[in-house]
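Try each one yourself before reading on to the solution.

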Amino acid sequence: MRAVICGAGIAGLALANRLSALGQDVTVLERSSGPRTQGYMIDFFGPGYDAMRAMGLLPALQEVAYHVSEAVLVDEHGRRRAGIDIRQFAEGDLLSLMRPDLERVLREHLPPDLDLRYGATLTSVMPRPDGVQIELADGSTLDADLLIGADGIHSTVRRLVFGPEASYLRYLGFHTAAYTFDAPAIHDEVGGRFCLTDTIGSQFGFYALRDGRVASFAVHRVADPELPKDIRAAITSSYADLGWVVPQALALCPDEDQIYYDQVAQIVMPRWTEGRVALVGDACGAVSLLAGQGASLGIAGAFVLAEKVVDSSSIEAGLAEYERVWRPVVEEKQKVGRSAARWFLPSSQLELVTRRALLKVLRLPLLRSLLPAAIAGKPTTLIQDFPKPNAPVT
């Protein structure tokens, strides 16, 4: 089977790894000119963690992980208001990772002869009875037995095959930004913690990176889903009222091409496949950045898709089985994500105080077990039912 994957992000690279390990011919198309360096720290656990173990890539992932002891809410002077052990977010193992590091591990473990093309933009998809023909912006074409859109929440494959983004995007009322910068004093103050401002309507968070830099993560409420034309100006104005070290971080905001900025949204679709075209990860089931688990679900969904397509009697049967078993997992996480967003960024003083009190109560031994379900939803052992680990490509 020849599979063409559109998107060299986390889901696309995971899918390329698994399909290649299962003996398939894989081409990956990525419209960016090279690997993206923008990103933020994630708590990586759940089915994606299980999938990385099954692919034999967990040791490489552990090498790039950070030790983050706790998430802390601080006031305008940097004084601690509340905090919680990061490990409480998951029932099982958890790794704190920068998204670019996760992508790099997946990319570096691809087979050396895999066809990975940067600067390749998809312009049209023409279905055929036995596959699809894909046209690129440079006028070249590719024939494939299967096309997978792993190209994120603003998926080109989804737009070309399933229709406009507006039909499927569910905006949750937030914009988010992330960037890294040099600030030794902030780095030292944050240490091995995730420090987040305890504020209403907008908040800024910081991690200390091993190279001495600081990774920032920001989110604010905004009614209009449209992205601003001047991202740096929007960041400066949206967080100008925050105290502590935020003014210094805003002054060190880099050029726009070094900033991650997007709306916080979900993708909700009635179907994920059409003939020999399928979607995976955020392209079909984005849970939203505030819900977490997007990377984990993208990797696990890619793993399930690869296994089902290869093991089924036909590609179409495999795609149907992939959606049958994986859709309920994604939809449950989306439901939890919509509820969790309210508490991630309070909209009133009452919600702020309530969040602070909940974090303190959830540190009690008898209540610790409640947090994973509230944040991440029901655990799934779906990935654990697949074959044992493969040796990774070196």
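The exercises below concern a predicted model, and each comes with a worked solution.

**Exercise 1.** Find the order of the strands in the open sheet of 6 strands, and name its edge strands.

*Solution.* Start by tracing the sheet across: the order is β7-β2-β1-β11-β18-β17, and the pairing is mixed. Next, look for strands that pair on one side only; these edge strands are β7 (115-118) and β17 (273-274). Helix α11 (residues 315-344) packs on this sheet, where it touches β11 (146-149), β17 and β18 (277-279). To finish, compare directions: that of α11 makes about 20 degrees with that of β18.

**Exercise 2.** Work out the sense in which β2 and β7 pair, and find the bridge partner of T27.

*Solution.* Strand β2 covers residues 25-30, and its pairing with β7 is parallel, over 4 bridges. Now pick out T27: its bridge partner in β7 is D115.

**Exercise 3.** Decide whether W244 and R355 are buried or exposed, then describe the setting of each.

*Solution.* The cut-off for buried is under 20% relative accessible area. W244 has 14% relative accessibility, so it counts as buried. W244 sits in the loop between α7 (231-238) and α8 (246-251), and its phi is positive, near 55 degrees. Most residues other than glycine have a negative phi.

R355 has 8% relative accessibility and therefore counts as buried too. R355 belongs to helix α12 (residues 349-361). Its side chain makes a polar contact with the side chain of D198, at 3.1 Å. Beyond four places away in sequence, the residues R355 touches include L73, Q203 and W343.

Terms used:
Residues are numbered from 1 along each chain as its sequence is written. This is a predicted model: local features need pLDDT of at least 70, side-chain atom pairs count only at pLDDT 80 or more; totals for chains, interfaces and linings use all residues. Side-chain values use heavy atoms; hydrogens and water are left out. Two strands pair if DSSP finds at least two bridges between them. Helices (H or I, at least four residues) and strands (E, at least two) are DSSP runs, numbered from the N terminus. Contact means heavy atoms within 4.5 Å. Axes are lines fitted to C-alpha atoms, for helices over the stretch in contact, and angles run from 0 to 180 degrees between N-to-C directions. Buried means under 20% relative accessible area, exposed over 50%, partly exposed in between (1.4 Å probe, protein chains only). A polar contact is a pair of N or O atoms within 3.5 Å; within protein, one must be able to donate a hydrogen and the other to accept it, and residues adjacent in sequence count only if both atoms are side-chain atoms.
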